[in-house]
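Dear colleague,

I am handing over the structure below, and I would be glad if you could look through it. My notes on what was found follow directly after it.

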Amino acid sequence: MRIRVINPNTTPSMTSTIERCAGAVAAPGVSIDAVTAAMGPASIESHYDEILSGPGILAAIAQGERAGADGYVIACFGDPGLDAARELARGPVIGIAEAAMRTATHLGRGFSVVTTLARTIGRAEDLADRYGVRRYCRGIHACELPVLALESDPRARKIVLEACRAAVDADGSDVVVLGCAGMADLCAEIADEIGVPVIDGVAAATLTVQALVTLGLRKSGRGEFAAPRRKSYAGLLSEFGA
Ligand code: 2AL
């Protein structure tokens, strides 16, 4: 089984973290093909970034289809391009917010999300609504670190850890969901420190895809998620019509 894990931002060091965390949970015989988007923003932390990450994600899905990928993870917590990616892919496509929030509902009555910048909170709220888990979501908190500071700021681990601890206390929650793929490698350490389950969406989404493919399940090609109709796309997007 080949699972293509797409980092929709164009920062290869973050892809390495994502690859390590997905590979650590994948079953023997499952190969993790972690790829960095070939075009788009260096990090995704606004609606503007999110929409401009779309073409890079779709190009990575199209390439994965040609290479025979069995399923995909979109490894950014805004789950950018998820519906469009499903239209292109034959196998399952799972976003890390989707996988993490749904996994959290199995483990406790309420979860807290700890994200990067406060401006990403609205998107996470919208996703909790979309996935039908709003009643489990006790709060969404920002640690006010930009995405790339997770790698460059030596205080980052401590800041995210303390934000998780404070979120659980403030919300009275049972589970923490990490709100950025760049936090994936902090998961085990934070869980040890604060004593509640902490969910990294990269690992959760990888195993969700693995489970679906193992069950022989693919994306439904009927209706909304059927392949998009062929047409021409103008300007910089002309190659997407091919
Ligand atoms: C993210 C993420 O997971 N990757 C990225 O570039 N931005 N999420 C976030 N909340 O900032």
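Domain bounds here come from an automatic or database domain assignment. On that basis the chain is divided into domain 1 (2-96 + 203-241) and domain 2 (98-201), and the centres of the two domains, taken over C-alpha atoms, are separated by 22 Å.

Please keep in mind that this is a predicted model, in which local features need pLDDT of at least 70 and side-chain atom pairs count only at pLDDT 80 or more, while totals for chains, interfaces and linings use all residues. Residues are numbered from 1 along each chain as its sequence is written, and side-chain values use heavy atoms, with hydrogens and water left out.

With contact meaning heavy atoms within 4.5 Å, 29 residues of domain 1 are in contact with 29 residues of domain 2. The two domains bury about 2200 Å² between them, 57% of it on carbon and sulfur atoms, where buried area is the accessible area (1.4 Å probe) that two parts lose on being put together, summed over both. On the side of domain 1, M14, E45 and F77 lose the most area to domain 2, together 33% of what that side buries.

There are also four salt bridges between domain 1 and domain 2, each defined as a side-chain nitrogen of Lys or Arg within 4 Å of a carboxyl oxygen of Asp or Glu. A salt bridge also joins the side chains of R123 and E50, at 2.8 Å from N to O.

With kind regards
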